[in-house]
Amino acid sequence: MIRDERIPSDELRRIDDEIRSGWSTGEAVDFEAAIAYHESLPASKRFADVLESADSPLLQPRAGVPRLGDQIELLEYLHGEGKADLLPTTIDSYTRDNEYGKAQEGLEKARETGEDTLNGFPAVNHGIEGCRELIEAIDAPIEVRHGTPDARLLAAITFAGGFQSFEGGPISYNIPYTKRHGLEETIEKWQFVDRLAGAYTERGVRINREPFGPLTGTLVPPSIAIAIMIVEGQLAATQGVRSITLGYGQVGNVVQDVAALNALQKLGDEYLPDEVCVTTVFHEWMGGFPPDEARANGVISLGGMTAAIAQPDKVITKSPQEFQGVPTKEANASGLRTTRQVIDMAIEQNIDIDGIAEEQDLIERETRCLMDTIFSHGDGDVVQGTIKAFDSGALDVPFAPSDSAKGAVLPARDDDGRVRIFEWADLEMDDDIKEIHKARLSQRATTEGREESFRMVADDVDAISDGKLIGRPQDKGGVGSAD
């Protein structure tokens with residue numbers, strides 16, 4: 001039975017030897033040589049230092065292509081033309097599934113044809129040498145972004161290759177991503193990732209860790225996302241990580257998003273150890289985008305305005321081509337510039353919006369309920385508490401594909417567009433909080449002249465891609481009767 005305990009040094013070495021034998025490039029990993037390489041990097045490439053010292057939100061896109069030269073060119077463009085402060089290397093899907101042979105085939109085909117035959121950068125196949133060439137080519141910090149339930153080999157190679165920030169976690173890269181891996185399995189494997197990051201940190205190389213805040217990216221109630229961020233932060237801190245960036249995905253209501261980001265920072269500082277530097281990252285809208293690029297820019301601009309008010313440490317931007325899939329480098333840079341324009345115009349304004357403090361208080365109360373039930377389920381151990389809480393449904397994520405979550409909780413927007421919980425299932429929450437959600441959803445139903453039902457949930461999922469925030473029934477362009 002796994003618990004929230006630090007992996008001993010001898011066990012870390014044993015696992016490291018085992019996982020590096022999984023692909024040929026793993027043989028080149030040498031911890032002492034990697035420490036020396038990191039120490040040689042200039043201050044401008046030290047991710048945690050750059051992020052933690054910023055005095056306004058830093059911008060970072062998503063980007064990854066298979067060939068090394070193309071990845072360098074892409075990041076140079078996003079840094080130069082898009083003015084990205086931090087850069088990503090998004091990993092391909094085969095690597096995310098630990099299918100390095102298929103990733104190698106795709107990489108070789110990309111080299112032969114000149115086409116992007118993979119949907120990301122196969123860092124394991126490029127190995128330490130390729131990773132270091134990428135790090136050396138770009139004068140900005142670069143993060144590994146992926147979606148990998150078992151990221152152990154990817155972490156070993158990219159850390160040794162010079163990357164100093166690594167996204168993901170055992171819950172946030174399980175519940176929204178996979179049916180093939182159980183939660184206990186992913187927690188155990190990510191303990192290695194965090195312990196390896198902790199080992200680097202203890203030698204003076206602070207590896208930044210960033211749990212994936214948006215989860216399923218579809219109307220996730222803020223308190224659920226924040227509770228999971230805190231848990232993943234605690235798991236990383238146990239293994240020695242000292243730079244942790246907690247994430248949150250935009251839901252679209254400015255009051256709720258600002259309140260949630262405020263709560264995320266406050267609760268992260270409260271629940272994580274004092275020696276951890278807690279930063280926050282805001283993900284622009286992760287759901288469906290309008291097909292029209294002008295409307296898509298409107299969605300991006302709303303994210304920029306929210307970031308200007310809440311001032312998270314980092315913003316993950318979107319492009320106006322989100323509806324089409326992988327954006328061109330030009331569209332990706334455009335999304336960066338759009339976000340920066342809005343932030344630069346709004347950040348020095350004293351924008352005071354009614355309701356933020358009240359909403360933040362509600363989110364904090366909800367999050368504490370969830371954290372209390374996690375600790376209760378595990379008798380104080382966050383690993384066992386998380387596993388058992390998910391198993392019982394006391395902790396849940398809406399629209400989750402993983403068998404480790406019930407996926408029975410259903411969200412819907414209230415009359416202001418704030419995400420509330422329509423179907424609680426077995427989610428642990430105080431009765432008075434449930435009554436607040438019920439009353440606000442009832443108010444919306446009254447406004448729309450229809451009963452509260454699953455139809456609201458379905459309408460809200462598609463609303464932003466259809467050009468609205470709330471999925472109201474339409475009757476000649478206005479609010480009308482439900483079917």
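Lys 318 counts as buried, because its relative accessibility is 7% (buried means under 20% relative accessible area, exposed over 50% and partly exposed in between, with a 1.4 Å probe and protein chains only). This is a predicted model, in which local features need pLDDT of at least 70 and side-chain atom pairs count only at pLDDT 80 or more, while totals for chains, interfaces and linings use all residues. Residues are numbered from 1 along each chain as its sequence is written, and side-chain values use heavy atoms, with hydrogens and water left out.

**Lys 318 and its surroundings**

- Lys 318 lies in the loop between strand E8 (314-316) and helix H13 (329-346), where helices (H or I, at least four residues) and strands (E, at least two) are DSSP runs numbered from the N terminus.
- A polar atom of the Lys 318 side chain lies 3.1 Å from the backbone oxygen of Trp 285; a polar contact is a pair of N or O atoms within 3.5 Å, of which, within protein, one must be able to donate a hydrogen and the other to accept it, and residues adjacent in sequence count only if both atoms are side-chain atoms.

- Strand E9 (residues 410-413) pairs with strand E10 (residues 419-423) in the antiparallel sense over 4 bridges, two strands being paired if DSSP finds at least two bridges between them.
- Arg 413 stands opposite Val 419 in E10, and among the 5 residues between the strands of this hairpin, Gly 417 takes a positive phi near 90°.
- Asp 415, which is placed in the loop between E9 and E10, is buried at a relative accessible area of 17%.
- The side chain of Asp 415 makes a polar contact of 2.7 Å with the side chain of Thr 447, and another of 3.0 Å with the side chain of Arg 472.

- H9 has 20 residues, and its first and last C-alpha atoms are 28 Å apart, close to the 28 Å expected at 1.5 Å a residue; the expected span of a helix is 1.5 Å times one less than its number of residues.
- Because 16 of its 20 residues are buried, H9 is largely enclosed by the rest of the structure, and just after this helix Gly 204 takes a positive phi of about 95°.
- Lys 189 has its place in helix H9 and, at 18% relative accessibility, counts as buried.
- Between the C-alpha atoms of Lys 189 and Pro 214 the distance is 21 Å, for a separation of 25 residues in sequence.
- For helix H11 (residues 254-271), the 18 residues should span 26 Å at 1.5 Å a residue, which agrees with the 25 Å between its end C-alpha atoms.
- H11 is mostly covered, with 13 of its 18 residues buried, and at its start a side-chain oxygen of Asn 253 reaches to within 3.1 Å of the backbone nitrogen of Val 255.

**Helix packing**

- The axes of helix H9 (residues 183-202) and helix H15 (residues 382-392) come within 10 Å and cross at roughly 155°, where axes are lines fitted to C-alpha atoms, for helices over the stretch in contact, and angles run from 0 to 180 degrees between N-to-C directions.
- That angle makes H9 roughly antiparallel to H15, since angles under 35 degrees count as roughly parallel, over 145 as roughly antiparallel, 65 to 115 as roughly perpendicular and the rest as oblique.
- The crossing of H9 and H15 is right-handed; a crossing is right-handed if the near helix is turned clockwise from the far one by less than a right angle, and left-handed if anticlockwise.
- Helix H4 (residues 68-80) packs against helix H7 (residues 123-137) at an angle of about 25°, with their axes 10 Å apart, which makes H4 roughly parallel to H7.
- H4 passes H7 in a right-handed crossing.

- Most residues other than glycine have a negative phi.
- Asn 98, in the loop between helix H5 (93-96) and helix H6 (100-113), has a positive phi near 60° and is partly exposed, with a relative accessible area of 24%.
- Leu 219, in the loop between strand E5 (208-210) and helix H10 (222-238), has a positive phi of about 50° although it is not a glycine, and Leu 219 is buried, with a relative accessible area of 3%.
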